2 protein chains.
Amino acid sequence: MSSNSQPVGLSNARVVMQQCLSARLQVKPPSDTSEAEYVEIGKGLLIYLCFLKDATVDIVDRMVKTILGVKLSESDDGKYTSILDLPGDVLIIPQATLGGKIKGKQMQYHGNVAKQKGQELYSAFIEQCELSMKSNAKCSEGSKLLKFGTYGNRQVLSIVTNGPYTHLIEF
Amino acid sequence: MSSNSQPVGLSNARVVMQQCLSARLQVKPPSDTSEAEYVEIGKGLLIYLCFLKDATVDIVDRMVKTILGVKLSESDDGKYTSILDLPGDVLIIPQATLGGKIKGKQMQYHGNVAKQKGQELYSAFIEQCELSMKSNAKCSEGSKLLKFGTYGNRQVLSIVTNGPYTHLIEF
């Protein structure tokens, strides 16, 4: 079994990917003195990201290579290519709920990474994505966007898709 | 290990759930003679549904009980309850891509159910959801909607969420 196909329960991170035509994510909730702030992307890839408790920073590089390299983005001629080759925008959404395990009628999150470590891994993941997109000629010449949600907050999200083409990858 | 927490690779069905404030799904693509047709729901639950190759109709009843019963829908007072108790709308989205397994830079779908059997299981799932919602006083009195995508077609989807609260359940 390759390290990209570990069964749930033995994995260190869980990622759901969807393609989108556009997406908008709240990065700062409204307060008494300010309106909510949002980030937006155009055609590209949504990455819902959850680290589990045995995750270490060692897996981040492989995760980013896999996610940005897997051919799950539909080009204009209907063929599937990587988000780097499309090229397209990327929106990273922290989603700790993906680590949930059902027990009775409740979800439990005992398998999730601790919050502080999760924050570090999340930041490392974003940094690695930024590096990969910047060093990719198609993305950097096309001025493709990398946007991301704020860790630990509610991810107020709207998406428009031409088919979400939802995939799950365990790491 | 309970039957609700089988590891990926040993499961018969894979479901991703998201909450939404509203959602719209294409159920008939445009043609030369007609415009595209869509279904819409308000506040409720999105169910992305994928049956794997050993799935039989026996699992449908348990799946529907679990999915409609698990407390993943946020009520107005911020507590989480089942979609039946909320009560809220339901949108079922066939999503065979969820059965994908990564190999190199490609996704493979050898673990997915055959198309004809998948269609039967999908129809059974919808029927069971309809029965459960109709026989639930809160849903039927509140005229809550059950909508669903057409099996085997592109699921052109738009969603608005107040936080998707994405969960994965394997059956």
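Predicted model: local features only at pLDDT ≥ 70, side-chain atom pairs only at ≥ 80, totals over all residues.

The sulfur of Cys139(B) has its closest cysteine sulfur in Cys129(B), 10 Å away, which is too far for a bond. A disulfide here means two cysteine sulfur atoms within 2.5 Å. Cys139(B) is also buried, at 2% relative accessible area. Buried stands for under 20%, exposed for over 50%, and partly exposed for what lies between, with a 1.4 Å probe and protein chains only. Cys50(B) is buried too, at 2% relative accessibility.

Residues are numbered from 1 along each chain as its sequence is written, chains are lettered from A and ligands numbered from 1 in written order, and side-chain values use heavy atoms, without hydrogens and water.

Now turn to the interface. In chain A, 41 residues contact 41 residues of chain B; contact means heavy atoms within 4.5 Å. The two chains bury about 3500 Å² between them, 58% of it on carbon and sulfur atoms. Buried area is the accessible area (1.4 Å probe) lost on being put together, summed over both parts. On the chain A side, Ile102(A), Arg154(A) and Leu168(A) lose the most area to chain B, together 16% of what that side buries.

Arg154(A) also forms a salt bridge with Glu74(B), with the closest N and O atoms 2.7 Å apart. The rule asks for a side-chain nitrogen of Lys or Arg within 4 Å of a carboxyl oxygen of Asp or Glu. It finds two salt bridges across this interface.
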